[in-house]
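Student: Could we go through some of the helix packing here, and check each label against its cut-off?

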Amino acid sequence: MEPANGNARGRAVIRVLLVHDECLVRSVLAEWLRREPDLGVYDTPWRSAPGRLRSLLPDVCAADLECADSYGLAPLGELGARPAGTPSPRLLVLASANRPGLLKRAVEAGALGYVDKEGSPEHLVRGIRRVAEGKRFVDDSLGFGFLKAAEMPLTRRELSVLSLAAEGASVAEIAGSLHLSHGTVRNYMAAINRKTGARNRVDAIRISQGEGWL
C-alpha cells in the first residue's frame, strides 16, 4: 500500500516499512502512522519484506519480532540486504519483555529501536523518528526483558535450533532450515540440554519456554 503524500513544514519525509504478519494489526497500525505528515509508510508481511526493502529503500524498517513463517523465527538478518552502494535501513523492532530470546536476536541483528508492543502508538512514532536520526530508542518497560536476555545461556544458533524443535521440527527439518548437517544439529541439542540442565529435548523446550527464551 502506498503512503500518504506530504511533509511537515518542509521536513524531509521518513520512509518507513512496517513489517507485521497479522494483516489487521498491520493495516490499522500503518493507517495510524500515516496520520503523521513526516512519515511515508508502507507495510508488508514478513514473507515479502526482503523484496520490499530492496525496491523501496526505506530509511527505517519497523518490524514485529513475531513471524508466522520460518517456524516463528523472524529473519532479521534478511532486512539488511540492500543493493550495492545503498545504506541499510535502520532497524526498529516491536518487542515484548516476556520474550527475551527474541530481544537477544534483535540486539545481535543491530536493531537501534525497541518499542514495547504493550505500549502506546505514540512510542512507536517517537522511536521511528529517533532511529531515523541514527539514535537509539528503548522503551523503559523492556528493561526486564533485556536483563533476562543477558542471562540467557543459549547462543543465537542454539536458540534457532531449539525454536524449530519447539515447533515440532525433526532433526532433518532443522538441518534443512538452518543448512546444517544432522550431526551438527544433534550436537547443538546436546549443548542445549547441558546448558539448560534439561534431561532431553522436550524438557529443554519446557524450561526455555518457562524462561521466555522461546
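The dialogue below takes up a pair of helices, then a residue, then another helix.

Tutor: Bear in mind that this is a predicted model, and that the values we discuss are computed from it.

Student: What makes the contact between H6 and H7?

Tutor: H6 contributes Arg-157, Ser-160, Val-161, Leu-164 and Ala-165, while H7 contributes Ile-174, Ser-177 and Leu-178. Sorted by class, these are five nonpolar, two polar and one charged residues.

Student: How do you know whether Asn-193 counts as buried or exposed?

Tutor: Asn-193, which lies in helix H8, residues 182–196, has a relative accessibility of 18%; buried means under 20%, and therefore Asn-193 counts as buried. Leaving aside neighbours within four places in sequence, Asn-193 is in contact with Ala-198, Asn-200, Arg-201 and Ala-204.

Student: Which residues of helix H9 are buried, and what do they pack against?

Tutor: In H9, residues 201–211, the buried residues are Asp-203, Ala-204, Ile-205, Ile-207 and Ser-208, and they pack against H6 and H8.

Student: What is found at the start of H9, and what follows H9?

Tutor: At the start, a side-chain oxygen of Asn-200 comes to within 3.2 Å of the backbone nitrogen of Val-202, whereas H9 is followed by Gly-212, with a positive phi near 80°.

Conventions
Residues numbered from 1 in each chain as written. Predicted model: local features only at pLDDT ≥ 70, side-chain atom pairs only at ≥ 80, totals over all residues. Heavy atoms only, no water. Contact = heavy atoms within 4.5 Å. Helix = DSSP H or I, 4+ residues; strand = E, 2+ residues; numbered from the N terminus. Nonpolar A, V, L, I, M, F, W, Y, C, P; charged D, E, K, R; others polar. Buried < 20%, exposed > 50% of the residue type's maximum accessible area, 1.4 Å probe, protein only. Polar contact = N/O pair within 3.5 Å; in protein donor to acceptor, adjacent residues only side chain to side chain.
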